[in-house]
Amino acid sequence: MNYNIKVIRPGSTHAKFLDEIEPGSTVLECGCATGYMTRYMSEELGVKVWIVEYEKKAFDLAINYAEGGLCADLMGDEWREYFRGYKFDYIMFADVLEHVYDQEKADEKYLVSEATCTSKAVYKKSCVCGEVGEETFSADTDAHSAPLRV
């Protein structure tokens with residue numbers, strides 16, 4: 001993904017989120033991308049921000065503006081365990097709700113293993129945006145009617 005947003009536009013969804021954050025507060029920003037909002041909150045509002053970001057490259061950029069954080073999948077439990085006992089004034093999920101990997105599309109781009117005479121095809125679940133998740137599902141496909149691959 002390309003989250004290289006340098007400016008937070010007035011009136012945008014991001015600006016509306018940030019307008020609600022009190023200067024000097026503490027924030028857990030879930031799905032911070034490259035840290036453009038993290039940086040704004042830290043530098044402009046004096047907010048202490050902790051982050052959770054799934055993509056390693058984005059996390060490595062964002063952590064420079066945060067008090068601390070974790071590179072982890074929000075669909076798992078690791079981040080909840082990591083932040084157990086922390087207290088935050090705000091917990092933000094500004095751009096992550098669209099990344100829910102619950103789509104079961106039997107499409108070749110999500111294929112893990114093809115169907116055989118004795119087993120179903122296995123695919124990775126995906127997000128509505130097309131990104132691939134980690135969880136898998138099995139689908140009924142007729143292995144005998146598929147074209148032969150040479």
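A nonpolar core is a set of buried Ala, Val, Leu, Ile, Met, Phe, Trp, Tyr and Cys residues joined through side-chain atoms within 4.5 Å. Buried means under 20% relative accessible area, with a 1.4 Å probe and protein chains only. This is a predicted model: local features need pLDDT of at least 70, side-chain atom pairs count only at pLDDT 80 or more, and totals for chains, interfaces and linings use all residues. Residues are numbered from 1 along each chain as its sequence is written, and side-chain values use heavy atoms, without hydrogens or water.

**Nonpolar cores**
- The largest nonpolar core has 17 residues. Those with the most contacts inside it are Ile21, Val27, Met37, Met41, Val47, Ile51 and Met92.
- Helix α2 gives the most to this core, with four residues.
- Ile21 is in contact (heavy atoms within 4.5 Å) with Val27, Met41, Leu45, Val47, Tyr90 and Met92, leaving aside neighbours within four places in sequence.
- Another core, of nine residues, lies apart from it; Cys30, Trp50, Phe83 and Phe88 are among them.

**Helix α2**
- Helices are DSSP runs (H or I, at least four residues), as are strands (E, at least two), numbered from the N terminus.
- In α2 (residues 36-45), the buried residues are Tyr36, Met37, Thr38, Met41 and Leu45.
- They pack against α1 (13-19), β1 (26-30), β2 (48-53), α3 (56-62) and β4 (90-92).
- Gly46 follows α2, with a positive phi near 65°.

**Lys125**
- Lys125 lies in strand β6 (residues 121-126).
- Lys125 is buried, at 13% relative accessible area.

Conventions. Buried means under 20% relative accessible area, exposed over 50%, partly exposed in between (1.4 Å probe, protein chains only).
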